[in-house]
Amino acid sequence: MIEIRKRKCKKILAAGISFLLIVQFGWAATNQAAFAEAVTDEYIVIAKDVETVEKVKEEYKVVAENGEALTLDISESTASRLADSEDIICVEKDFTIEAPVEAGWDMVKPQSEDWNLSAIHVENASASSKVKVAILDSGVDMTHNIDVKERKNFIDESPVTTPLYEDWCGHGTSVASMIAGKGNESNVNGVNDNIELYSARILDENAQAPVSRVVEAIYWAIEKDVDIINISFGTQTYSEALETAVNAAVEKGILVIAAAGNHGSTVVDYPAAFENVVSVGSINAQGEISDFSSRGESVDVYAPGEAVLAQGNFGEDLVMSGTSLATPQVTGVAALLWSKDMTKSATFIKALLKLSANSISAGNGYGLVDYQYALQIYDEVAEQVDVMMEDDNSVIEESEGVGNIDVPAVDEENEIGLEETVNTLEFEKIDLGKINIAQNSTTISDLSDPIVNGSWGGDVHQKYYANQAMKDGAVYADQKENLKGIGNNPELHGFAWHDDAGGRLNTGDCNFMANYKYLVKVAEAYGRGDGYSVVLDSDVTGDCYTALKADMAAILEYDREGGKQYILNQSDTNQRAFVLGLAMHVATDTFAHSSFSQKSAGAYLWERIKHPQADYITVESRRYDMALAIEQNVLSRYRHERGGYDTCSDFHDTTSGAYSMLTFRISDMKNFAAETGYSNSSVLSDYEALQNGF
């Protein structure tokens, strides 16, 4: 059992007092200027009340703020003085956590794509009520398979320019699909699609985040009054601030579920290692604990996490592995069980998950989560829990934490120490040994494929990394300073002009369709083992042709400067995928940057949709429906399902009624297609409708 460090924080139960996370270093009783130092850093500071928070904000530099979560930039000595203040609960230096996903070669091949649903017995499950789930991850790409109620970006230095590519590393999209995928334009069916998802984008393109950002997102989830928080990542480094934030969520009656980690040992990551968190390990299709999975008594339950089908970047179906993918399935099961009776507590749901799990082997936690058996024992467990709550001796206090109870108003000086017991199910755990329930004796099925193709693991590995290379290309032009901006780089951003005048309707001089076609040709050249210099495209004229060649040269130069390489030292497959990502960005950005909205109904008066409205889904939402369709067309080309260079058809949305009753228009859609030699009259007619906006 991993030893969990105890918090030194005091718990205040005075009515009206809020527990505030101040993410990133500190405060002092004396003016900070008097103690100025050359080096400052970011610290997580938790204050005991609102008054202290306001004082901190007045005296120190606030880097980020979200409700009760602040980020401060201060010196080490200031942080030390803050730690000694009676008004400060804890002070902690920030550090980075990460969310690894296994896309390895050594995986047990399953019999079917949805073997995971069979393993945990949720094939025919349905939810009675919507449960609110917060996913703290890398964001969720816009797809037709996953509905997201609300999105929040916590990465200030990486603004979301389009919801199509919100998730820069694909991790959050994978997690969301395992919870709530609907099987819509995807083969991924999540455990429970009747969920209200709240997406906190905290992990960057490397699936990393400072712990302060995690804490901030937890407090945001608390503000949103969610029922469950899913955390599919972790760290081996203990964090007092992270534990405090988790405890704050538990105190509000929120169930926190987290990945145990991919360490292949008894080492369990935080926050899964905290006792009031449901920790999740991974099994394979043979019903055995995955070699990479953390294991042991500190793992509460297991779920399928090896060779499971999930959605990756752009919503593409991929085979992936990791406890990070087992975790959302437990979240989905917990939501199904909770939807049966929303008056039940998070502690009850946690107990039910553990009691109903199917034992894998001795000494490895409670076992494989089993939804059907949980339903069978639901009422029996609920009855015994109710009886236990009437008997103080049948309930044991959590190691730390304060519950949701009604406390009379008290003076702020009156504090309840950790040694005092307050009987509340929300912050206490049930003594499972005193619940008389028959053990789940159902045989765990072997759902593996007895005939394993020897190249299967390698194929999966390559597809995963090519998918990521394509996402790197899709977001590249919005990341690099020398390639940003529609005015300076219209050829990479789907902008129809070489300046930002934007008032002209049909006089565009930067053919986004020709630019897309050129990049497709470059991508195929790289796929053959050549480079961009072999591509001579007469469709791209003048400035655009010169600019695109210069852009490709700049990317290679950036690769040579060091850091992450996008083309150099990459396989032909990954080079092709990266450049197709650049092309995809051009195609989809057309619907953001070359679009016009009707100024008034019934009037042929148009106004270009500019930033920031151009990136809002709610502004002429059909733009994003079309952009998503085009994204999928480019993905089809990436999969070799579309061939040749008749690329104007990639801009075509074949959805029924897509080009009728239009209230927006795209500049020069038909004109640009015709300039490239495209001649399909039916498609050109649709492009003309979109060009004219009627």
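Contact here means heavy atoms within 4.5 Å. With that settled, I started on the contacts of the protein chain, keeping in mind that this is a predicted model. Of the contacts with a separation of 6 or more, I found that 75% are between residues 24 or more positions apart.

Next, the overall make-up. I counted 16 helices and 21 strands in the protein chain. The chain has 694 residues, and 60% of them are buried. I also looked up the surface: the chain exposes about 26700 Å², with 45% of that supplied by carbon and sulfur atoms.

I found Lys354 in helix H8, which runs over residues 346-356. Is Lys354 buried or exposed? Its relative accessibility is 13%, and the cut-off for buried is under 20%, so Lys354 counts as buried.

What does Lys354 touch, leaving aside its neighbours within four places in sequence? I noted Asp300, Val301, Tyr366 and Leu432. With Asp300 there is also a polar contact, side chain to side chain, at 3.5 Å.

Last, the cysteines. I searched the whole structure for disulfides and got 0. Cys544 has a relative accessible area of 2%, so I put it down as buried. Cys648 is also at 2% relative accessibility, and therefore goes down as buried.

How values were computed: Residues are numbered from 1 along each chain as its sequence is written. This is a predicted model: local features need pLDDT of at least 70, side-chain atom pairs count only at pLDDT 80 or more; totals for chains, interfaces and linings use all residues. Side-chain values use heavy atoms; hydrogens and water are left out. Helices (H or I, at least four residues) and strands (E, at least two) are DSSP runs, numbered from the N terminus. Buried means under 20% relative accessible area, exposed over 50%, partly exposed in between (1.4 Å probe, protein chains only). A polar contact is a pair of N or O atoms within 3.5 Å; within protein, one must be able to donate a hydrogen and the other to accept it, and residues adjacent in sequence count only if both atoms are side-chain atoms. Accessible areas come from the Shrake-Rupley method with a 1.4 Å probe; for residues, only the protein chains shown count as cover. A disulfide is a pair of cysteine sulfur atoms within 2.5 Å.
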